[in-house]
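Subject: Structure handover

Hi,

Here is the structure I promised to pass on to you.

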Amino acid sequence: MTPHALPISIETPAEFADDLGAPVAAHYGDPAGELSAMQKSVAMVDRSARGAVTVTGPDTLRFLQDLLSQDLADLGDGEGVHTLLLQPQGKLDVDLRLLRITNEEFRLDCEVGMGERLAASLERYRIRVKVQIEDRTETEGCIMLRGPETIGRVETVLGVEAPPTQHHHAVADSGLRVVRANWPGLTETGGSTGVDLLGLRSVITTAWAALRESGVRPAGLDAYETARIIAGIPRQGRDLDERTIPQEAFLDGDAVSFTKGCFIGQELVCRIDTRGHVNRYLRLLRLDAAAAVGAEIVADGKVVGQVTSVARISTAPEGFAALGYVRRELQPPAPVTLNTPTGAIPATVEAIP
């Protein structure tokens, strides 16, 4: 991961924060209000630090189909999928979203700091195929909008009809790409409408200004992290790393095809699906107090897991949530404690939404 020397922020925030090596907006003065907007109306987060890679050329579809975990054969223009580039041993290399622009052009986006890695990993497999791989992280931008009013605001302000299907995308005349990106579990009703806006940073900046003028509230990393933990969305660099097997974080649910032909790392994930199991699962934890990443999760006096992400979800004393891996034997809901330097913290293990 290459750290960013300069802040990545369309609008100057009240405070900056480090996000996996990238200085980004922490908040705009009211983190709690920003989170509330994401849950009850709409808020937008500048995620332009995310990695962006394009793959183009006459052999692009075949090249990516042979490597990635999802089946791309039936994707049409304007469609997309959540997919994985795995290591040959079946563990995670890069967690990514793929958008088909045309048969010879695909856009891939991934977590902060992973664009360079994704481009380099793809390049290693570029042998006797007519494709070009370009890391466009420095020139591309991303705005994530979350909340029940997202679709109406995007269509009214930007004049682009948001696709109804997850990962499908529409394009404005400016080149702005509107991608459906719903998050489950963010609201009390069980979900939240989401849209990601992708494009050149100049185009993204113009869209931000238009949405801001219409009253859409900006939110920073503090609210974003809390929202995605509540929604049970794992992030590479926090909850996912090179040791992660897809089934441990339930990535196999929408990012792996078990019916396509061969792909990198297929043997392990298919063997687990048909004949085995993993030893741990990513779970949501409700906490009675703050805990640090890395805190041990304990049940019946035994360490059964470890915390990977933590966020405050309300001003109440018990208002904390976390993600962490827990031994498969511990089925949710289940009471546990977290080991911290100041003592044990009661918590409840829950299933990911």
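Cys 270 counts as buried, with a relative accessibility of 17%. Its closest cysteine sulfur belongs to Cys 262, and at 8.8 Å that is too far for a bond. Please keep in mind that this is a predicted model.

Cys 142 is buried as well, at a relative accessible area of 3%. For Cys 142 the closest cysteine sulfur sits in Cys 110, 11 Å away, which is again too far for a bond. A disulfide needs the two sulfur atoms within 2.5 Å, and the structure as a whole holds zero disulfides.

Now to the charged side chains. How many salt bridges does a search of the whole structure find? The count comes to 28. As a general point, side chains of opposite charge can pair when their charged atoms come close. I picked out a few of the pairs for you.

Let me begin with Glu 225, which has two partners to look at. One of them is Arg 235: the two side chains meet in a salt bridge with an N to O distance of 2.9 Å. This pair links distant parts of the chain, since Glu 225 belongs to helix H6 (221–230) while Arg 235 lies in the loop between H6 and helix H7 (252–255), ten residues apart. Both Arg 235 and Glu 225 are buried.

The other partner is Arg 238, whose side chain forms a salt bridge with Glu 225 at 3.6 Å, N to O. Here too distant parts of the chain are linked: Glu 225 is in helix H6 and Arg 238 is in the loop between H6 and H7, 13 residues apart.

Are the two residues of this second pair buried or exposed? Glu 225 has a relative accessibility of 11% and counts as buried. Arg 238 is partly exposed, at a relative accessible area of 28%. The reason for the two labels is the cut-off, because buried means under 20% relative accessible area.

One more pair to find on your screen is Arg 107 with Asp 109. They form a salt bridge in which the closest N and O atoms are 4.0 Å apart; the cut-off for a salt bridge is within 4 Å. Arg 107 counts as buried at 7% relative accessibility, and Asp 109 counts as buried at 2%.

Best wishes

How values were computed
Residues are numbered from 1 along each chain as its sequence is written. This is a predicted model: local features need pLDDT of at least 70, side-chain atom pairs count only at pLDDT 80 or more; totals for chains, interfaces and linings use all residues. Side-chain values use heavy atoms; hydrogens and water are left out. Buried means under 20% relative accessible area, exposed over 50%, partly exposed in between (1.4 Å probe, protein chains only). Helices (H or I, at least four residues) and strands (E, at least two) are DSSP runs, numbered from the N terminus.
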